[in-house]
Amino acid sequence: MFITNLNMQSSIWVLYLAYCGLNLAQIGLLEGIYHATSILFEIPSGAVADLLGRKRSMVLSRICIAVSCMIMLFSRSFGLFALSFIIQALGNNFNSGSEEALVYNSMKYIGREEQYMGLYGRLNIILEVSQGIATVAGGILAEYSYFWCYGACVAIGLLSLLPVLLMTEAPYSRQGEKQTGIGELAASHFRESFRILQSDVRILKIILYYSIIFAAQTLLFFYSQQYFYSLGYNKIRISLILLIMGAASCLGAFMSDKIYAQYKRKVVFAASAVIAVSMICYGFENAAVSAAALSAAGFCNSVLYPVQSDSLNRLIPSDQRATLISVNSLFFSVAMILMFPTAGMMADQWGLTKVLAAIGIFILLFAAVCTVVETGRSRRR
């Protein structure tokens, strides 16, 4: 987790593409190609992990990421950059469901799945720390040389293969053991996954609810950079605000299982409401209030991640785990694609602060209605 998330290109890739001669329209198109690839291959990549093994899927992920960085390093044409983005999206797809499925199945195999939420919280702490280091290190290396930055990304991508190759995958029943022919195998697997989604509506509810909440928090995070810049903050001060938010996110990930153990399902609405209110706070256009709100939202977002992962994994059979987790990632990608352009267009028309506040009000109402409906059904049961 630590090595994989040392993604030093994450904070400089836009600058690098501009340095290579691409205009903003071309850069935006590349980002669109990346998300389109993610949507198309998210579920198939999860099926690969379920049918061929999560460890193999993670190996494919690391290879794709290293190859993508290598293409970025030596390319100077839009077509090759697009190829790099496609391969990078595939790499992230191969990892998104398989990594989580491998960890949960390992915990289940040794009879410790009750401890999964706490473990997942600690993994999120590692992720936050690694990404924070990568952001700083990537900026420093890019200031010196883009070549060294992307060269380091290639090396890290290959280095991350080592711990994966040393992993032992917990056994689980695979449809591939009972079927022959890749077409029959894949069709049977997707039919069973679809049947599970139909038969247990709780899975789809969890996926839909958290996709919207997490997309709203992601939108707040990305647009906060422009928001604080418009208030006159320079890049260093904005970085410090984001660093404080990252520290709050680490604390939320660390405390997630403890908070949930004490307050149970109440945590879900409370954390969602804090994220919504944090967005509403941006409407006051006060930097101190907004910075505090962003940190609170980051804390609550990290509290919810392990809760969502644990809730979802408890309902999913082992041999469909990676596929259905990938369905979750797919819904998140769709929510992102719908919310980001819409928010951007509305912000151009009415201003960013008003749009963030309006989205916050919508998220608060959405969370409240979902909670009331779910509470009513629980009482009837």
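**A walk through the predicted model**

Among the elements of the protein chain, helix 8 has the lowest mean pLDDT (65) and helix 11 the highest (94); pLDDT is the predictor's confidence in each residue, from 0 to 100, and helices are DSSP runs of H or I with at least four residues, numbered from the N terminus. Over residues 175-180 the pLDDT is below 50, yet this stretch has eleven contacts in the model beyond near neighbours in sequence, where contact means heavy atoms within 4.5 Å. For the protein chain, the mean pLDDT is 83, and 90% of residues reach 70 or more.

This is a predicted model, in which local features need pLDDT of at least 70 and side-chain atom pairs count only at pLDDT 80 or more, while totals for chains, interfaces and linings use all residues. Residues are numbered from 1 along each chain as its sequence is written, and side-chain values use heavy atoms, leaving out hydrogens and water.

Now let's look inside. The largest nonpolar core has 59 residues, and Tyr 210, Leu 219 and Ile 359 are among those with the most contacts inside it. Such a core is a set of buried Ala, Val, Leu, Ile, Met, Phe, Trp, Tyr and Cys residues joined through side-chain atoms within 4.5 Å; buried means under 20% relative accessible area, with a 1.4 Å probe and protein chains only. Helix 9 gives the most to this core, with 14 residues. Leaving aside neighbours within four places in sequence, Ile 359 is in contact with Leu 219, Met 279, Met 339 and Ala 343.

Finally, visit Leu 330, found in helix 13. Leu 330 counts as buried because its relative accessibility is 14%. Beyond its neighbours within four places in sequence, Leu 330 is in contact with Ile 39, Glu 42 and Ile 43.

Notes:
Buried < 20%, exposed > 50% of the residue type's maximum accessible area, 1.4 Å probe, protein only. Helix = DSSP H or I, 4+ residues; strand = E, 2+ residues; numbered from the N terminus.
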